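Opening the notebook on a new structure today. I wanted to look up its pockets and what lines them.

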Amino acid sequence: MSKTILVTGAGRGLGRTLAERLSERGDTVIGHARSAAALDGVPHAAALIADLADPAGLADAVAALGVERLDALVHNAGVLNVNPVAEETLEWWQRTMAVNVVSVAELTRLLLPALRAAQGHVFFLNSGAGLHAAPRLSSYAASKHALKAIADALRAEEQANGVRVTSFYPSHFDTDMQRGLRDQYDSDYDPSRAMSRDTVAKTILAVLDAPADMVVNELRTEPPNPLPIRPRG
């Protein structure tokens with residue numbers, strides 16, 4: 001049976017791959033992006049156009065979408081900046097928290113009636129940084145620790161309503177964000193030692209397809225031989 005699934009950050013990277021795989025198997029994809037142009041070439045039946053840096057704008061965007069039943073909400077979008085606490089800017093703290101935390105909570109709140117109606121699934125794409133904070137990743141790691149807290153609270157609150165909640169902590173997979181992170185650390189990057197976007201997308205689909213008598217609350221993955229983050233030279 002086909003599902004209706006909303007994927008944030010569907011215009012590129014893992015979000016785009018996920019939208020493609022879902023569409024290929026016959027699911028109805030609602031693609032989120034900051035602009036309609038960002039979804040060009042991405043298979044989707046409907047679009048949620050909203051800037052996650054402005055959480056206050058989400059209510060109107062969701063109302064315009066008019067979705068009454070939602071089988072899954074995949075929180076994929078996010079931002080990252082590399083800086084020590086002593087140098088991280090207020091602008092980046094505010095942007096990171098708005099995109100990675102506040103908008104996630106607000107979008108979930110707005111879509112909970114539709115998720116409850118379908119006994120749906122809220123899937124949080126977290127990170128290893130959501131479990132352990134590395135040097136120079138304070139703002140990103142703080143946002144991912146907060147994301148874990150949202151997921152944990154939501155799971156306890158919505159279990160009686162039949163809503164499933166999963167936190168996924170993948171490490172070292174091939175995305176522009178990972179490449180950008182390595183660049184900011186002045187570190188080499190080898191995609192052959194990272195998980196592919198397709199592998200991660202297939203894993204997400206497998207979790208979303210878990211039998212009715214089971215839910216995957218948390219999942220952590222990494223490649224067999226990840227390349228350490230070390231300065232060049």
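My entries on the pockets and one annotated span follow.

Ground rules: I am working with a predicted model, where local features need pLDDT of at least 70, side-chain atom pairs count only at pLDDT 80 or more, and totals for chains, interfaces and linings use all residues. Residues are numbered from 1 along each chain as its sequence is written, and side-chain values use heavy atoms, without hydrogens and water.

Entry 1, the largest pocket. I looked up its volume and got about 1,300 Å³. (A pocket is an open set of points on a 1 Å grid over the protein atoms alone, where a 1.4 Å probe fits, with protein on both sides within 12 Å along at least five of seven lines; lining residues have an atom within 4 Å of a point. Volume is the space filled by probe spheres set on the points, which are joined across faces, edges and corners.) I found 48 lining residues, with G78, L80, Y140, T175 and M177 closest to the centre. Their classes came out as 23 nonpolar, 17 polar (Gly counts here) and 8 charged (Asp, Glu, Lys and Arg).

I checked which ones supply at least two lining residues: α1 (13-24), β2 (28-33), α3 (90-118), α4 (138-158) and α5 (176-184). α5 gives the most, 6 residues. (Helices are DSSP runs of H or I, at least four residues; strands are E, at least two.)

I noted about 240 Å³ of space and 15 lining residues, with K3, D71, Q119, R164 and L208 nearest the centre.

I get 41% helix and 18% strand for residues 3-173.
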